[in-house]
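Here is a short briefing on one protein chain. Take a look at the structure first, then follow the points below.

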Amino acid sequence: MRQSFFIILLIGFAVWSCTSPTEKKEEHEHEHEHPHPHPAEGPAVVQDTLPKLTVKATEFSPEFVQLATNVEVIPNIAEAVKSVGVLTNEGVFGPLLFAEQTRAFFIELKPGMFLAEHPHPTESIVYTVGGRWVLCSEGKRQVMEAGSLFHFGSNMPTGWEAPFAEGAFLLVVKTKEEGETYEPYVKGLREMKGLLEKERTDGTEFYFNELPSDHPAIQFARSVNPDFDQVLNNIPY
């Protein structure tokens with residue numbers, strides 16, 4: 001019995017040894033499930049549950065394309081923001097898209113705006129679409145321009161400054177609050193506008209021309225923008 005067992009084992013090994021390297025590789029690969037399974041061969045069958053349509057802008061939301069179920073497209077955010085936006089002392093804010101767990105909105109910084117460092121309860125990823133501005137955190141400053149991307153963590157103080165004549169346009173992505181949609185978001189911005197106006201009345205600085213001349217933000221602004229005085233002397237707010 002033992003001899004017969006070893007004969008069978010040797011025959012099996014000989015057969016395996018004759019298998020080509022390519023066949024061995026294919027056999028090994030198929031032993032593991034592909035981490036990204038591909039659909040079966042043949043044309044994909046897609047059952048439309050929602051026709052492609054354009055959702056018109058409202059006083060609370062921009063125009064967007066409903067391409068398919070749970071797929072929304074804003075072809076050009078620069079055009080979309082013309083229909084929504086609330087001017088506050090921290091910039092012009094407006095909603096873009098609300099996803100399942102995140103939301104995207106824009107901030108337009110007007111030339112001459114200044115916002116001291118302050119924390120936010122949730123993290124954000126911020127992309128500079130156009131213009132230039134200054135990011136400040138822990139007293140350190142960084143010029144941001146079109147193409148710049150940054151992240152700040154929960155409760156991490158950050159501030160922004162707009163010492164350049166072109167201002168800046170930012171795209172922000174962050175976690176969505178449960179049940180958050182366009183209308184309550186915009187109404188919240190309108191309430192924030194009033195609160196920030198009161199803060200300014202109470203003495204909070206929101207613009208460079210409200211800061212002392214030796215303020216670090218002004219000193220940095222002069223170092224990165226030779227024409228800063230033109231911005232400083234023409235703040236309309």
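Start with Thr-175, which counts as partly exposed at 45% relative accessibility. Keep in mind that this is a predicted model.

**Thr-175 and its surroundings**

- Thr-175 belongs to strand β12, which covers residues 168–175.
- Set aside the neighbours within four places in sequence, and Thr-175 is in contact with Gln-101, Thr-102 and Arg-103.
- Ser-124 lies 51 residues from Thr-175 along the chain, yet their C-alpha atoms are separated by 7.7 Å.

- Arg-103 sits in strand β6.
- Is Arg-103 buried or exposed? Its relative accessibility is 11%, so Arg-103 counts as buried.
- The cut-off explains this label: buried means under 20% relative accessible area.
- The side chain of Arg-103 makes a polar contact of 3.0 Å with the side chain of Glu-180.
- Leaving out residues up to four places away in sequence, Arg-103 touches a list of residues that includes Leu-97, Phe-98, Val-172 and Val-173.
- Thr-175, Glu-180 and Tyr-185 are also among the residues that Arg-103 touches.

**Helix α4**

- Helix α4 runs over residues 182–201.
- How far does α4 reach? Its 20 residues span 29 Å from the first C-alpha to the last.
- That span is close to the 28 Å expected at 1.5 Å a residue.
- Tyr-182, Tyr-185, Val-186, Leu-189 and Leu-196 are buried in α4.
- Viewed down the axis of α4, the buried residues fall within an arc of 90 degrees, so they line one face of the helix.
- These buried residues pack against four strands: β2, β4 (86–88), β5 (91–98) and β6 (102–109).
- Glu-191, Leu-195, Lys-198 and Thr-201 are exposed on the other side of α4.

**Salt bridges**

- How many salt bridges are there? The count comes to 12 salt bridges.
- One of them joins Arg-190 and Glu-59, with the closest N and O atoms 3.4 Å apart.
- Arg-190 lies in α4, while Glu-59 lies in the loop between β1 (53–55) and β2 (64–68), so the pair ties together parts that are 131 residues apart in sequence.
- Arg-190 counts as partly exposed, with 39% relative accessibility.
- Another salt bridge joins Arg-141 and Glu-161, where the closest N and O atoms are 3.0 Å apart.
- This pair links distant parts of the chain, 20 residues apart: Arg-141 is in strand β9 (residues 140–145) and Glu-161 is in strand β11 (residues 158–161).
- Glu-161 is buried, with a relative accessible area of 1%.
- Glu-108 and Lys-110 also meet through their side chains in a salt bridge, at 3.1 Å from N to O.
- Glu-108 is partly exposed, with a relative accessible area of 26%.
- Lys-110 is partly exposed too, with a relative accessible area of 21%.

Technical notes
Residues are numbered from 1 along each chain as its sequence is written. This is a predicted model: local features need pLDDT of at least 70, side-chain atom pairs count only at pLDDT 80 or more; totals for chains, interfaces and linings use all residues. Side-chain values use heavy atoms; hydrogens and water are left out. A salt bridge is a side-chain nitrogen of Lys or Arg within 4 Å of a carboxyl oxygen of Asp or Glu. Helices (H or I, at least four residues) and strands (E, at least two) are DSSP runs, numbered from the N terminus. Buried means under 20% relative accessible area, exposed over 50%, partly exposed in between (1.4 Å probe, protein chains only). Contact means heavy atoms within 4.5 Å. The expected span of a helix is 1.5 Å times one less than its number of residues. The arc is that of the directions from the helix axis to the C-beta atoms. A polar contact is a pair of N or O atoms within 3.5 Å; within protein, one must be able to donate a hydrogen and the other to accept it, and residues adjacent in sequence count only if both atoms are side-chain atoms.
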